[in-house]
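Here are a few notes to read alongside the model, colleague to colleague. I have set them out as numbered points so that you can check each one against the coordinates.

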Amino acid sequence: AHMVALETAHAPVTARDGRTIVVAANVASLAEAHLARERGADAIGLLRTELFFVDKANLPTEDEQMAQLAGILAAFPEREVTIRTLDVGGDKDIPALGLDAVIHGFLGLRGLRHSLAHPEILRIQLRAILRAAASWKGTLSVMAPMVTTADDVLAFRAAVADAARSLEGQPHRRPDHIGIMVEVPACAVAFDSMAAHVDFVSVGTNDLVQYMMAAERTNASVANWYQPDHPAIWRTLEGLVQSAAGRKVAVCGEIAAKPEFARRLVALGIAELSMAPSSIPAIKAVLRAELCANVPAGPRQT
Ligand code: PEP
Ligand code: MG
C-alpha cells in the first residue's frame, strides 16, 4: 500500500464532484522543500521563516533572507508558495532577538504582534520576499501569524504595500494573495469582521487548540486537555468556513496529517491541507480512496 501511495503521490486529488483538494507541505528549509517536491506536495502551504533567524548572533540581512527564499521558491516553480512572516515568541525562540519568557510568551507579544512592534524587521523580511519572487513564475502568497483583530490585518496589509512601494524601480513582485493564520480564538470566531480584508486563511490548529482549550502545546502536564477532537474546535472550524464566504480556507496544523481528521476537514469544505512532507503520500491516498473512487488518477506530474 505504501508503494501505491508513493506512485500516485504526484497526482492531484480531485473529488468526484470536481473539486481539487490541495495537499501541500509545511517546510522550513531548502532541504525540506526538496523533500516536499519528492513526496508529491502540490504546493507549499506554510513556509516557516524562523529558521532563517535561529542560531545566529545577528539577524539575517535582507540579501541573506532573499537568497534563502529564492532557493526555496525555485524548488516549486509554477506552484503556489505561502510564506509566513516571522512567528516568534511562545514556543519559538530566536536568540538574536533576546525574547523574554513572559513578555513574549504564548499570550504575549508574539507572531505578528512582535512584527508590528518591530516594523524594521518586518519591512526587511517583506522586501526580501518580494525581491526573491521577482522573476519566479509561481503564485506568491504571504501570510501573517497570530492575527487577532481586523486592525492587525490592516496593519499587515499596509506593511506589505509599504515594502512594495519602497522597491519601486527595483526588480520585485507583489504578492498574488495576502492572508492570515487563524490560530487565535477571537479571530476564528469573529472572522466575518475581517474577511473583507483577507484573500485566504490558513488555520494553525496547533495554536488554535492550545488557546481554545487553555492548554499549552508545550506543557506535558496538561496534555490531557489539549484535545484536537473537542467539539469546540470543530464548531469553530465550521463557523470559520461559513464566514470565509468562499475564500480559501487551508489547515496547516498537525491535525491535517491525521487521516481521521483530514477526512473531517475536507468534509467541512477545507480546500487545502498542509503538512510535513513525509505525511503527503499517505494522506493523498486516504483522500483519493474516499473522494475519487470512480475517477482514475490524473497524469503523473513532475
Ligand atoms: C499552527 O499553529 O498550527 C501552525 C501550523 O504553526 P506553528 O506550529 O508553527 O505555530
Ligand atoms: Mg502557530
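1. The buried residues of helix H5 pack against helix H3 (62-74), strand S4 (80-84), helix H4 (112-117), strand S5 (139-144) and helix H6 (150-166). Packing here rests on contacts, with two residues in contact if their C-beta atoms, placed from the backbone, lie within 7 Å. Helices (H or I, at least four residues) and strands (E, at least two) are DSSP runs, numbered from the N terminus. Before going further, please note that this is a predicted model, in which local features need pLDDT of at least 70, side-chain atom pairs count only at pLDDT 80 or more, and totals for chains, interfaces and linings use all residues. Residues are numbered from 1 along each chain as its sequence is written, while chains are lettered from A and ligands numbered from 1 in the order in which they are written.

2. How much of H5 is covered? Mostly covered is the answer, since ten of the 14 residues of H5 are buried. A residue counts as buried if 20 or more other C-beta atoms lie within 10 Å of its own, as exposed if 12 or fewer do, and as partly exposed in between, with C-beta atoms placed from the backbone. The buried set of H5 includes Leu122, Ile124, Leu126, Ile129 and Leu130, and also Gln125, Arg127 and Arg131. H5 covers residues 119-132 and reaches 20 Å from its first C-alpha to its last, close to the 20 Å expected at 1.5 Å a residue; the expected span is 1.5 Å times one less than the number of residues.

3. Next, the chain as a whole. Its secondary structure comes to eleven helices and nine strands. The radius of gyration of the protein chain is 19 Å, close to the 19 Å that the globule rule gives for 302 residues, so the chain is as compact as a globular protein of that length. That radius is taken over C-alpha atoms, and the rule is 2.2 Å times the number of residues to the power 0.38. The C-alpha atoms fill a box of roughly 55 × 45 × 35 Å along the principal axes, and 44% of the 302 residues count as buried. Of the contacts with a separation of 6 or more, 70% come from residues 24 or more positions apart.

4. S8 and S9 run parallel and are joined by two bridges: Val251 has Leu273 as its partner in S9, and Ala250 has Glu272. Strand S2 (residues 20-27) also pairs with S9 in the parallel sense, over four bridges, with Ala25 opposite Met275. Strand S7 (residues 200-203) and strand S8 (residues 248-251) run parallel too, joined by four bridges, and Val203 stands opposite Val251. Glu272 and Ser274 point one way from S9, Leu273 and Met275 the other way, and all are buried.

5. Which helix gives the most to the shell around ligand 1? That is helix H8 (residues 205-213), with three residues. Ligand 1 is surrounded by Leu46, Arg48, Asp87, Glu183, Gly204, Thr205, Asn206, Asp207, Cys252 and Gly253; a residue is near a molecule if its C-beta atom, placed from the backbone, lies within 6 Å of it. The shell divides into two nonpolar, four polar and four charged residues. Here Ala, Val, Leu, Ile, Met, Phe, Trp, Tyr, Cys and Pro count as nonpolar, Asp, Glu, Lys and Arg as charged, and the others, Gly among them, as polar.

6. Ile233, in helix H9 (residues 231-243), counts as buried because 21 other C-beta atoms lie within 10 Å. Leaving out residues up to four places away in sequence, Ile233 touches Leu208, Val209, Met212 and Pro228.

7. Most residues other than glycine have a negative phi. Glu78, in the loop between H3 and S4, has a positive phi near 60 degrees, and Ala214, in the loop between H8 and H9, has a positive phi near 50 degrees. Glu78 is exposed, with 8 other C-beta atoms within 10 Å; Ala214 is exposed as well, with 10.

Terms used
Two strands pair if DSSP finds at least two bridges between them.
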